[in-house]
Amino acid sequence: MSGIYQRLDSGRHQLRRLSLSPGDLHDPICGTLETVSLGEHPKYEALSYVWGVDISPTPMVLDGTNVPITQNLDSALRHLRHGHGQLSRLLWVDAVCIDQSNPVERAEQVKLMDRIYRSASTVLVWLGPAADDSDVIMRSIQRFNKQHWQTYDFQVGFMEMMYRSWFTRIWVIQEFLLGKNPRIGCGTIWVPWVSFLYAWADAGVKDDAIAREYKKQFSEAVMETFQPSWLQQVAHPTTESKPTSSGLILSRLQDAFEENYPQLLGFDSESELLSNIEKNPTLWSARYDVMRHCQYESPTAKAYWKKLELRRVVPIQYHNFLWHSRGTLRNRKSLSFVSILKGTMNLRSTDPRDKIYGILGLVSEEARESIPVDYEIGPEWTFVPTMEHIIKHEPDGLALLGFLWRTRPFKLSIPSWVVDFTISADTADSHSPVLLRGSCANASWKWAQDAQISNDHTTLSTSGLSFGRVKELVHFAEGDLQAYLKQFREIQSLVSRECPLSEPLWRTLIGVHNTGEAALDPEEPLRQHFEVLIGASDSETESITPVAHAYKMFEDNILPIVRGRTFFVTDKGFAGISTPAVRQGDTIGFIFGMVRPSVLRPVDPGDIGVKMEVVEEGIQFHRVTAFAYVGCHNRQEFRQLEKDGLPDWTKHFCFRNMDVIKFYII
C-alpha cells in the first residue's frame, strides 16, 4: 500500500483524485490515483456514501495493486463508472483517496474536508443498490409525481428507503450540505437533491398516508366485529379467551375511533358500553384480540409502528435541518455546534471522534481552530475542547448537557460538564432527561449567565439556584397499572406532608406534557382523568364515563415520564422526578443557561483522580449525576409571567426568595 500513497503537501492543499476506469457492471474495478492541488481547481465529483463493515470478496485494482474495499463502495463504483468505450470518471472517494493507515494524513485531510466538497463539481449521494421497490420510488421522484407521493404505497416504500444507512451517519452531513447541486442515487436512478427533499417533506413530514390507512383499517376491523357473521363465528370459539380489563378495551376503542365511539358502536353512552363489556367478557375478549392484531400485528400496523420507530433512527428535524442549512452555508455563513447537534443528534459514527470531526466543515474558522484534529488521542480530548468552545461562544451551549445526557461512571475522568457527543436524546431511555421539562424552571427566563472554564480545563464555575437537597426518594417500580397507582397514592401523601406548596401530583407525573393542549385547558381534563385513575373521584358518573380517558392518560402521558425514574422531595419543599442516578443528599440545582435542573453530588477532586492547578480553600465541588423535573409552586402566576414575556425571574414565586449561588462543577 505504501507504493500507492505518496506524501501529500498540506501547505499546498493537496489531495488525491481517483480516475475510475470504464467497465461493465461485473468487470473488475480498476483505477489510478493522481495528486492534485485544490488551488489549481481540479475537476472531480465527490462521492458521499456509507463505508459499511463487510469487505467485498473482489478487491479493487488501484494503480496495479489489489486494494480491499467494502461491499458498499464496490457497489457504488460499479454503478458509477462509465461503460466501455467512454472516458474514465474522475472522483474523490475518501476510502481510497486518503491513506487510512496514516492518522496524520487523515487528520490533515479532515481539516480540508469543507474545501474538498465545496470544490467538487457535484456531490454524488449513493444510497445503495435497488431493493424494496426503490426503483418505483425513485422514478416517482424523478417525475416529480406529487400526487403519487400522497399514497400509502409510496410512503411505505419511501420509509424503507429512509432506513438505509446513509441517513444515519454523521460524515454525510457536510458532504451533502457543502456540495454543489448534489444528486441522490439508488440503483441506476439518480435525482436532484431538491426533488428528493420535496418528496421527503410530502411523504414524511406534511402528509401521513400510513397513519390514515392504519386508523382506517383499525376502525373498520372493530366495526366488523359487530356484524352477524363475526358474532356467529365467535359464538363457537375454538379456544378459550381470558377476560380482558374493561379499561384496556375502552382505551383501545378510543384509539380506533377517538371521540364519540360509544355512539358509533350503537351505545347511548360509555356507561352502557361499559355495562355491555362486563356482561359479555368472552365476546369482548375476542374483540380485544382483533383490536390488538390490527393495532400491532397486521402489515399496515407494522408499517405504522416502523415509521414511528424511524424517529429514533433518523432525527425528527433532519429534513428541515438539511434544507435550511444548505441555504445558510451557500450564503457563506457558518452553523453553530448547537444547531448542528440538535438537528443531527441520532446520527452515528464508527469512531467517536468523528461525531465532531465529521461536522467541522460546517462551523466557523474560529471553532475549527479551537478543536485539534488528532486520531491518536482519546475521544474525551476531542469532546473537552469542543464543549469548552460551545460554552464560551454559543448562548445555548450549556443546555446541550441536559439534552444529550446518559448515565456515566461517577469516577470517569472526563468532566461531568462535558457532553458525550456520541449519544442521542432517546425518549425511551430512563436516563435521558429529554421528557423532563414543562415546568417554570424550563422556561426562557433571562438568566445572567457567567459560565467560565478553569485554565486547566477541569472546572466549570457558574451561577445558579438551589431547590434544596434530596430528602426522600421513591423509585418507580416496574409493574402493572395497579403497582403504579399504589405508588402514586403513597407519593401524594409524601408530597402533602413534605411539599405542601408543590403543584398537583398529576402535573409532576406528566412532565413535558404540561406544554400540551390538554394540560393547558382551564377545565383541567387531565386532573379529572387522574382522579378517576387513582380512585379519588367522588362522582359515580365521573368514575364511569372517563375510564378510557384515564387509561389513555396513564399510557400516553404518565408512563413515558415515570418508567425507570425516581420521585424525590427536597428539604426546601420542592418535589419532582429525576433520572435514576439521584441519591439522598444530592443537590437539585439549576445552573443558569442549562434549561433543566441538574442533580449535583458533592465530591472531593482527589477522590476521583482529578488533578487541578489551583484549588481555593472552602470551595465545594460537585459532579453532575442526573437531571430532573421540578414541580412549580404557582403555575397560575408563572403562566401570567409567560404572557408578559418572562421579564424578571426574581418575580416568580418559586425563585423570589432564592439566593444566587456559585457552583463549581468538575
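The paragraphs below take up the sheet, a helix pair, a pocket and a cavity in turn. The model is a predicted one, and what is said here should be read with that in mind.

Nine strands make up an open sheet with mixed pairing, and their order across it is E5-E4-E2-E1-E6-E3-E7-E8-E9. Strand E5 (65-67) and strand E9 (189-192) stand at the edges, and because each has a single partner strand, one side of each is left without a neighbour in the sheet. On average, and with direction ignored, neighbouring strands of this sheet are turned by 35° against each other. Within the sheet, strand E3 (residues 45-48) pairs with strand E7 (residues 123-128) in the parallel sense over three bridges, and alanine 46 has valine 123 in E7 as its bridge partner. Helix H5 (residues 134-142) packs on the sheet, where it touches strand E8 (183-186) and E9, and the direction of H5 makes about 35° with that of E9.

A helix pair comes next. Helix H12 (residues 246-257) packs with helix H27 (residues 547-562) at an angle of about 85°, and their axes are 8 Å apart. An angle of 65 to 115 degrees counts as roughly perpendicular, and H12 and H27 are therefore roughly perpendicular to each other. On the H12 side the contact includes Gly247, Leu248, Arg252 and Asp255, while on the H27 side it includes Val547, His549, Tyr551 and Glu555. By class, this contact of H12 with H27 has five nonpolar, four polar and four charged residues.

The second largest pocket has a volume of about 870 Å³. Its lining has 37 residues, of which Tyr49, Trp51, Asp94, Ala95 and Gln100 lie nearest its centre. Helix H2 (94-97), helix H3 (103-111), helix H4 (113-119) and helix H8 (172-178) are the elements that give two or more residues to this lining, and H2 gives the most, with three residues. By class, the lining of this pocket has 23 nonpolar, six polar and eight charged residues.

What, finally, lines the largest cavity? A search of the whole structure finds one cavity of 30 Å³ or more, and the largest cavity has a volume of about 30 Å³. Its lining is formed by Trp166, Phe167, Phe176, Ile184, Phe196, Leu197, Trp200 and Leu322, and by class these are eight nonpolar, no polar and no charged residues. Helix H9 (residues 193-206) gives the most to this lining, with three residues.

Key:
Residues are numbered from 1 along each chain as its sequence is written. This is a predicted model: local features need pLDDT of at least 70, side-chain atom pairs count only at pLDDT 80 or more; totals for chains, interfaces and linings use all residues. Side-chain values use heavy atoms; hydrogens and water are left out. On a 1 Å grid over the protein atoms alone, a cavity is a set of points where a 1.4 Å probe fits but cannot get out, and a pocket is an open set with protein on both sides within 12 Å along at least five of seven lines; lining residues have an atom within 4 Å of a point. Grid points are joined across faces, edges and corners, and a volume is the space filled by probe spheres set on the points. Helices (H or I, at least four residues) and strands (E, at least two) are DSSP runs, numbered from the N terminus. Ala, Val, Leu, Ile, Met, Phe, Trp, Tyr, Cys and Pro count as nonpolar, Asp, Glu, Lys and Arg as charged, and the others, Gly among them, as polar. Two strands pair if DSSP finds at least two bridges between them. Axes are lines fitted to C-alpha atoms, for helices over the stretch in contact, and angles run from 0 to 180 degrees between N-to-C directions. Contact means heavy atoms within 4.5 Å. Angles under 35 degrees count as roughly parallel, over 145 as roughly antiparallel, 65 to 115 as roughly perpendicular and the rest as oblique.
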